[in-house]
Amino acid sequence: MRFDSSMYSVLLHMALGGAICLFTMYILLSISPLGIEMILFNLGCFGLVAFSESVNALSLFLLGTTYLPSGFLGGLYTGYKIKENLRIILVIPALIGVLGLIALRFFTGYINLSSFNFQNEVFIPFLGGVIGVFLGGYAMNWETEEAESSEAIELDPSQIKS
Amino acid sequence: MSFGLKNLMRRTLFRMRLPIAIFIILILVLLGASSVIFYTIFTTHVHGDYFRLETTYLDVDFPKNWVAYPWEEKNSTGDKYGVMLGSPTLRASMFIVVYDEMATKTYLRQNNLTDAFSATVFESKRLYNWTLQENVNATLCFVENGTVLMSGYVGNFSTLIIKGGYVDDDGTPYNWTWTFMSFVGSRVFQVAYHGVGEDYYQSVDSFRFVLNSTRIK
């Protein structure tokens, strides 16, 4: 019974981490493109977005300002609540966030299957989400791991004496 | 956990936990790379105060702060290539469309057109009929007709005002000024620019510059 409740708690926190990741992605995805447009307009070179090469620049901009921070926030929550098996567990919030975003954008009409761009719609969000979640999750557990390792070092001399 | 990984997980960078430092560095690197790409695009395409957009069928210079959207329409009845240009702050924009030979034949046959003048009149009427759906009281006034040089080709143009032709979100009607230009040869080349109220007159010099800089390939 206790195993079940802890398992339930882990699943709940993974889902919440994924939801945070998804929500942040969705919000930032509506703000970041406006931000870059505003920057370009104020710099007097809004026309740069007309050129096909700007797609790559915009993808990198979104990776840095939307997908990576969103994954990081989801990872911070998951890492704060869950302390074990992070290497496996942290993949789940990233997947929930990215797959949720793809589904949300598809059903709201932002993704058109006839002009589907795998790099921009799947690869970049997935890359940013996974890296962000892992960085956030491990950032939350960094000091804990340090404390555990220092305790382990203290035990070693006593074992040698005996 | 191995000693190597434990040792790694105690590391800091710039007095920050390593993942946080990596996160910040990654963001800075990505934003830097994005800026470098934008700067490269800028230096590649800038020509004085204008950007030069080069597409399959036409080259066009446009003001640096304008929106430009090139598009292609390919199907079994021929290919059409176009560019939409406009100022993001004014209700005015410009369309340049080039038909390939097959699309030219289809366009002329389907609409019973024979020359540039008939194409210009046809497009003007089509626009007027469309505006009537928004405002049944809109009236069409032809202001000027004549010939114009379009990328070395002599075409026909008509400037017209549709009184009350543009209705904004509040339901207020405005006069809508359009200029249509057509050249009909082995290919059709059409230019249209328009503006709502005074926005047309504020943009017309830029439209003429864009038209004079356009080169059909």
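What share of the 217 residues in chain B is made up of buried residues? Hi everyone, let's start there. Buried residues make up 36% of them; a residue counts as buried if 20 or more other C-beta atoms, placed from the backbone, lie within 10 Å of its own.

A quick word on the model. It is a predicted one, where local features need pLDDT of at least 70, side-chain atom pairs count only at pLDDT 80 or more, and totals for chains, interfaces and linings use all residues. Residues are numbered from 1 along each chain as its sequence is written, while chains are lettered from A and ligands numbered from 1 in the order in which they are written.

Now the overall form of chain B. Its C-alpha trace spans about 85 × 45 × 35 Å along the principal axes. The radius of gyration, taken over C-alpha atoms, is 25 Å for chain B, whereas a compact globule of 217 residues would have one near 17 Å. That globule rule is 2.2 Å times the number of residues to the power 0.38.

In secondary structure, chain B has five helices and 13 strands. These are DSSP runs numbered from the N terminus: helices are H or I with at least four residues, strands are E with at least two.

Let's look at helix H3 of chain B, residues 101–110. Its buried residues are B:Ala103, B:Thr104 and B:Tyr107. Seen down the axis of H3(B), they fall within an arc of 105 degrees, so they line one face of the helix. The arc is that of the directions from the helix axis to the C-beta atoms. Strands S7 (78–86), S8 (92–99) and S12 (188–196) of chain B are among what covers these residues. Just after H3(B), B:Asn112 has a positive phi of about 55 degrees.

Next, a sheet. In chain B, four strands form an open, antiparallel sheet in the order S3-S4-S5-S13. Its edge strands, S3 (46–47) and S13 (215–216) of chain B, each pair on one side only; strands pair if DSSP finds at least two bridges between them. S3(B) and S4(B) are joined by two bridges, and B:His47 has B:Tyr50 as its bridge partner in S4(B).

Finally, where do the chains meet? 31 residues of chain B are in contact with 25 residues of chain A, contact being C-beta atoms, placed from the backbone, within 7 Å. Helix H2 (18–45) of chain B gives the largest share of chain B's side, 16 residues.

Key. A residue is buried if 20 or more other C-beta atoms lie within 10 Å of its own, exposed if 12 or fewer, and partly exposed in between; C-beta atoms are placed from the backbone. Two residues are in contact if their C-beta atoms, placed from the backbone, lie within 7 Å.
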